[in-house]
Amino acid sequence: NGTSPAIFDLEAGFSQTAPGWSVSIHPSTTPYMTVGEEIIVNVVVLPPSLEHPFDPTTKLAEGNQLTLWTSVKPQGGGPNVQLTTLEVQQTIMVELLAEQTNFPIDLAELTAGPVTRFVDLDMELRHNLISGISTSVDIELFANSTDFTPSVPGNGASEIFRWNSSVTPNQTSMDLGESQPLIATILGPSDLLPLAGNITVDIIANLTLSGALSGVQAPESSLSLILEIPELKLASVESLLPTTVVPETPSTVPINITNTGNHQSDFTLDAEGPEGWIVSISPTSLSNLNCIVDEWPSVGNDNATATLSVTAPPNTRADTVFDVIVSVLAPSGEILAQEPIPFLVQEVIGATLTPEYAVAVIPVNGNASIALEANNTGNSLQTFDILIEETLDDINLTMISNSQIDIEPGEVSIVQIEVTADQFARADMNHSAQVVLFHNGLELDRIDVYVEMMANHMIEFDHAIEYSVVPGMNLSIPVNVT
């Protein structure tokens with residue numbers, strides 16, 4: 001109501017000494033105000049709590065009066081002081097007391113089952129009445145989850161509805177100045193982990209006054225108990241049945257990663273395969289992955305899919321399960337979960353005979369041995385058949401080793417063949433046969449076997465043993481030359 005704009009400083013206090021009383025004014029300095037402009041100023045007076053036994057120095061006795069002054073002073077000008085009389089009303093109230101109101105929860109308790117707390121309380125019926133009144137007061141008690149502060153802001157809007165609490169007894173009658181013990185019971189969620197953060201449970205006492213106490217103030221009393229739920233980092237990797245892959249061919253498998261802890265978290269992913277395998281996982285990190293109770297009662301936003309890529313090396317055995325280990329790590333490097341992802345390699349069947357051809361050089365009525373190698377070029381233990389195909393006269397090829405052989409992948413088995421020739425085997429002709437490798441009736445390889453007969457020069461003369469001759473006469477002797 002001045003005549004010029006100004007900024008004002010505001011103050012408030014008591015004219016008397018008031019132990020335990022406090023007063024504050026908001027704002028303490030106004031913004032720049034024009035003539036006729038108004039703002040709302042709040043003066044907050046906070047009296048001390050009633051004590052038992054009653055302390056008269058607190059000036060809380062019924063009918064006691066205090067003078068509150070407020071000062072409005074324009075900067076550079078003089079103050080304008082107003083006085084207000086405060087009178088203490090007749091009051092009866094409950095004071096709830098506990099030795100401990102904050103309860104840190106251990107990580108081991110989270111994994112062992114529902115969080116449970118039994119809290120011993122004391123309840124005192126306090127008053128500021130000067131005249132002695134002998135009567136009892138009815139008291140009703142409640143325990144409610146009233147607030148939740150998540151460790152990760154923005155989550156847990158419905159977390160308070162997952163907690164149950166009660167107080168025993170929940171109804172009682174007390175005389176003025178009397179005390180009574182109570183027990184508060186707090187029970188955490190039993191279906192899933194409690195969300196990380198602070199859950200507040202208020203113990204509330206309501207008074208019912210009647211008869212001689214009608215008109216006496218009876219404010220509601222409360223005591224807050226806070227349970228501090230720690231962050232529990234857990235994760236899981238989906239178990240899968242074996243996936244069949246082809247050697248030297250890249251394959252991908254979707255992997256489901258789940259945050260099984262009790263708060264939104266970051267994770268690092270890693271994959272490690274058997275020797276010779278090429279493995280990778282994408283992405284290598286997951287950021288701000290929700291846990292299952294972040295949005296309770298809605299569930300299902302607690303997982304993400306990563307892609308595991310694998311390439312098996314050549315000749316990888318098909319009759320063995322190979323595991324690729326997928327790991328989930330916390331930002332600190334702690335391994336939270338590991339899961340073997342099984343793979344089977346598609347069976348590849350193949351075999352060869354070496355060398356590319358074989359030669360046996362033998363004399364008439366002689367023999368020789370030929371050694372071949374049967375190579376299993378596939379990736380599993382297999383049974384192979386060895387056959388000799390030949391239509392030779394006077395020369396025989398005989399399998400000395402077994403005609404049916406079992407060979408491990410990448411291994412070699414020796415095939416021995418004996419070549420024999422009789423006296424009429426000719427050296428001036430080409431002799432050849434073939435050795436064939438089969439698997440279940442399917443030809444896999446064959447090679448040529450050449451037999452060279454050593455030249456054998458021999459002439460036989462055949463004629464009669466005795467002849468009669470006439471002197472002076474020619475004699476013709478017939479001779480058979482072979």
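Mentor: Two strands are said to pair if DSSP finds at least two bridges between them. Strands here are DSSP runs (E, at least two residues), as helices are (H or I, at least four), and they are numbered from the N terminus. The model is predicted, so local features need pLDDT of at least 70 and side-chain atom pairs count only at 80 or more, while totals for chains, interfaces and linings use all residues. Residues are numbered from 1 along each chain as its sequence is written, and side-chain values use heavy atoms, with hydrogens and water left out.

The chain holds one helix and 34 strands. The part to look at is an open sheet of five strands in the order 25-32-31-27-29, with mixed pairing. Strand 25 (357-362) and strand 29 (404-407) form its edges; each has a single partner strand, so one side of each lacks a neighbour in the sheet. From one strand to the next, the twist averages 25° (axes are lines fitted to C-alpha atoms, for helices over the stretch in contact, with angles from 0 to 180 degrees between N-to-C directions).

Inside the sheet, strand 27 (residues 382-389) and strand 31 (residues 431-439) run antiparallel and are joined by five bridges. I388 faces V435 in strand 31.

A salt bridge (a side-chain nitrogen of Lys or Arg within 4 Å of a carboxyl oxygen of Asp or Glu) forms between R446 and E389, at 3.0 Å from N to O. R446 belongs to strand 32 and E389 to strand 27, so the pair ties together parts 57 residues apart in sequence. R446 is partly exposed at 27% relative accessible area, and E389 is partly exposed at 37% (buried is under 20%, exposed over 50%, partly exposed in between, with a 1.4 Å probe and protein chains only).

E408 also forms a salt bridge, with R317, its closest N and O atoms 3.0 Å apart. This pair links distant parts of the chain: E408 is in the loop between strand 29 and strand 30 (412-421), and R317, 91 residues away, is in the loop between strand 21 (303-311) and strand 22 (322-329).

Finally, M454 sits in the loop between strand 32 (442-453) and strand 33 (461-462). Leaving aside residues up to four places away in sequence, M454 touches V361, I362, P363 and A427 (contact means heavy atoms within 4.5 Å). M454 and P363 are 91 residues apart in sequence, yet their C-alpha atoms are 4.8 Å apart. M454 is partly exposed, with 42% relative accessibility.
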